[in-house]
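Have a look at the fold first, then read on.

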Amino acid sequence: MELSNQISNIRNLVSAYMLPQIQLTWQIRQEDIAVGAAIYGATASLEYKWTSYNVDTGTWKLIADWNGGNWAGWSDNKGTYWLRAEARNAQTKELVAEKTIAFAYAPGSKRINGTFSGWQGNRVLLGMSSDAQNVSYQMKIYDVSRGTWIAGFRSQWAYWKPSKGIYWTHYELYTSTGKLVDTRTYAFGV
């Protein structure tokens, strides 16, 4: 009898450590932030619920109520939040995973929201845009075959005259204090 109790206790401990784990991700978009969840170890059809807690005001806000989508769009005022995702079994409604993370949110935060590279005659026009104020722009060109940076521009728009080869066009956005806040890199072949 004692051995069977020990085996039962071991099974319970193992089960507790094998509960599905929820991982959160997000993507900052033009109008909102897309928040997503991935559940590892879940075997049933799941439903998700998203909420946020405003630390400054002490209030909860529903982002998306229980549904089958593991992504939701979230926007709010600038502030510090707790972002919470819950997942439950769609049939039994039993909670299978939950996770809360801290999240500092700033609408229209400093980010690159568009890049451009296009031929104009024998030169390439490079450019980028951002909805942020008081920022500076830098663009760099990396020559893949030579393994080195070959050009750099400290402006929002620039002309570049490439030779035949494979390059990376690299875009950087900096705050007024010189802090790098966003980058984009693309392959470019001539």
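Predicted model: local features only at pLDDT ≥ 70, side-chain atom pairs only at ≥ 80, totals over all residues.

## A hairpin to start with

Find Gly79 and follow its bridge across to β7: the partner there is Tyr105. The two strands involved, β6 (residues 79-89) and β7 (residues 95-105), run antiparallel and are joined by ten bridges. Strands here are DSSP runs of E with at least two residues, helices are runs of H or I with at least four, and both are numbered from the N terminus. Two strands count as paired if DSSP finds at least two bridges between them.

β6 and β7 make a hairpin with five residues between them, and Lys93 in that turn has a positive phi of about 65°.

Residues are numbered from 1 along each chain as its sequence is written, and side-chain values use heavy atoms, with hydrogens and water left out.

pLDDT is the predictor's confidence in each residue, from 0 to 100. The protein averages 85, and 85% of the residues score at least 70. Confidence is lowest in helix α1 (residues 2-17), with a mean of 59, and highest in strand β11 (residues 148-153), at 96.

## The overall build

The protein has one helix and 14 strands. Of its 190 residues, 36% count as buried; that means under 20% relative accessible area, with exposed being over 50% and partly exposed in between (1.4 Å probe, protein chains only).

## Two buried residues

Trp74 sits in strand β5 (residues 71-74) and counts as buried because its relative accessibility is 1%. Trp50 is 24 residues from Trp74 in sequence, and the two are 9.1 Å apart, C-alpha to C-alpha.

Thr169 belongs to strand β13 (residues 166-174). Thr169 is buried too, as its relative accessible area is 2%. Leaving out residues up to four places away in sequence, Thr169 touches several others, including Leu126, Trp160, Arg184 and Phe188. A contact means heavy atoms within 4.5 Å.

## Out in the loop

Where does Val55 lie? Val55 is in the loop between β3 (46-54) and β4 (59-67). Val55 counts as partly exposed because its relative accessible area is 37%.
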